[in-house]
Amino acid sequence: MQKTVVIYCSISGFTRKYARWIAEELNADIYDTEQFDPSMFANYDLVIFGGSLHAVGINGISLIKNNLTRLANKKVIVFAVGASPPRENVLDEVLNKNFTEQQRKEIRFFYLRGGFNYDKLDLPNKLLMSLMRVRLTLKRKKNRTADEVGMLAAFSNPVDFTRKENINEILEYARE
Ligand SMILES: Cc1cc2nc3c(=O)[nH]c(=O)nc-3n(C[C@H](O)[C@H](O)[C@H](O)COP(=O)(O)O)c2cc1C
């Protein structure tokens with residue numbers, strides 16, 4: 001039987017929600033990155049890592065990138081969770097920013113849409129996002145993109161785009 005682990009790095013809970021759904025469906029062990037030591041990779045055949053997007057970077061991804069030698073003979077899945085809709089250009093940007101061409105051959109990448117909840121952020125991220133809010137508010141209305149308009153609205157009304165069926169492609173690939 002294939003032994004699977006799901007490891008996640010989540011600030012406001014969206015990635016954790018997806019990680020729990022995936023672990024439940026695959027009967028996998030599940031850890032927050034804080035609880036996971038790289039020596040534990042040895043116990044698993046399939047490693048699934050999920051991290052939320054911050055300025056296109058995947059939170060906690062160094063756990064995977066710094067341990068590629070340990071992961072050499074395993075199946076590795078990485079999913080990123082962001083507020084943006086899953087457009088192809090978003091995916092390309094995330095792939096290019098986070099992985100080399102070689103790493104893309106070793107890792108299967110997925111993007112899942114999360115949400116945005118300002119109240120659940122930690123203090124440093126609240127500060128970062130407040131700056132962004134000021135920047136967007138100062139931008140002329142007619143120059144704001146649709147995503148920026150949505151983002152501004154989400155500061156006062158949290159949005160949650162998580163859907164359980166979004167994990168289906170990951171489950172399919174994991175079970176192959
Ligand atoms: C500082 C900061 C930067 C962010 N940058 C991005 C981004 O580049 N792309 C995106 O789609 N979402 C971005 N987001 C939104 C988060 O990725 C989104 O809220 C995600 O669902 C959070 O997941 P989590 O609760 O598991 O941390 C950002 C959020 C914060 C706080």
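1. Let me start with a single residue in this predicted model. Asp32 has 13 C-beta neighbours inside 10 Å, so it counts as partly exposed; a buried residue would need 20 or more, and an exposed one 12 or fewer. Asp32 sits in strand β2, which covers residues 29–32.

2. Domain 1 is made of residues 4–116 + 159–175, while domain 2 takes residues 118–157. Between their C-alpha centres the distance is 25 Å. Six residues of domain 1 and eight residues of domain 2 make up the contact. On the domain 1 side, the touching residues comprise three nonpolar and three polar ones, with no charged residue.

3. Now for the nonpolar interior. Nonpolar side chains in soluble globular proteins tend to be buried together. Here the largest nonpolar core holds 31 residues, and Val6, Tyr18, Ile22, Ile48, Val78, Phe79 and Ala80 have the most contacts inside it. At least two core residues come from each of β1 (4–9), α1, β3, β5, β6 (108–113) and α7 (168–175). Helix α1 gives the largest share, six residues.

4. Setting aside neighbours within four places in sequence, Ile22 is in contact with Val6, Ile48, Ile167 and Ile170.

5. Which residues come nearest to the ligand? They are Ser10, Thr15, Ser52, Gly82 and Gly114, out of 22 around it. Two or more shell residues come from each of α1 (14–26), β3 (46–54), β5 (75–82), β7 (115–116) and α5 (123–138). Both domains take part, with at least three residues drawn from each of domain 1 and domain 2. By class, the shell has eleven nonpolar and eleven polar residues, and no charged ones.

6. Finally, a word on α5, one of the elements contributing to that shell. Is α5 largely buried or in the open? None of its 16 residues is buried, so α5 lies largely in the open.

Conventions: Residues numbered from 1 in each chain as written. Predicted model: local features only at pLDDT ≥ 70, side-chain atom pairs only at ≥ 80, totals over all residues. Domains from an automatic or database assignment. Contact = placed C-beta atoms within 7 Å. Nonpolar A, V, L, I, M, F, W, Y, C, P; charged D, E, K, R; others polar. Near = placed C-beta within 6 Å. Helix = DSSP H or I, 4+ residues; strand = E, 2+ residues; numbered from the N terminus. Core = buried A, V, L, I, M, F, W, Y, C linked by C-beta atoms within 7 Å.
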